Amino acid sequence: DQHLGKPAFKSLEARKKKLRNPKSASQYEYDPDLIYTFQFYDDIIDMASNSISINLGALGGRRNIPLNRFLNNQPFTFAACTEDDRSIFKFRVFHESLVKYKEREDAIVESAE
């Protein structure tokens with residue numbers, strides 16, 4: 001959250017509040033030449049059920065949304081790299097739903113042949 005060497009937000013809570021609003025968030029962009037750090041929202045991600053649990057308020061209350069929708073049916077990847085892009089570690093978390101998806105996908109391809 002740095003902009004020209006200065007913090008872009010006063011606090012993590014201020015950042016979350018501002019970027020939750022799509023209109024406000026659209027004023028920011030990702031610059032691939034910068035180094036970013038990310039926070040893992042373990043309070044909303046449930047690896048056991050492979051879902052994100054979010055409160056949509058008046059739009060439907062608390063909902064569990066499958067992670068596969070956000071990850072394009074790819075495994076969840078944990079990784080850390082150095083500033084010069086050398087890998088420190090990288091591992092993937094496969095949920096059983098990904099195996100079932102892959103089996104269905106393979107069956108569709110075989111039936112089309």
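Trainee: Which pattern does the protein chain follow when it is read along the sequence?

Mentor: Helices (H or I, at least four residues) and strands (E, at least two) are DSSP runs, numbered from the N terminus, and read that way the protein chain follows β-β-α-α-β-β-β-α-β-β-α, with 4 helices and 7 strands. This is a predicted model, in which local features need pLDDT of at least 70 and side-chain atom pairs count only at pLDDT 80 or more, while totals for chains, interfaces and linings use all residues. Residues are numbered from 1 along each chain as its sequence is written, and side-chain values use heavy atoms, leaving out hydrogens and water.

Trainee: How many bridges join strand β6 to strand β7?

Mentor: Two strands pair if DSSP finds at least two bridges between them; here 6 bridges join β6 (residues 76–81) to β7 (residues 87–93), and the two strands run antiparallel. Phe76 stands opposite Val93 in β7, and the hairpin that β6 and β7 form has 5 residues between the strands, with Asp85 in the turn showing a positive phi of about 70°.

Trainee: Why does Lys102 count as partly exposed?

Mentor: Buried means under 20% relative accessible area, exposed over 50%, and partly exposed in between, using a 1.4 Å probe and protein chains only. Lys102 counts as partly exposed because its relative accessibility is 43%.

Trainee: What percentage of the residues of the protein chain count as buried?

Mentor: By those cut-offs, 13% of the 113 residues of the protein chain count as buried.
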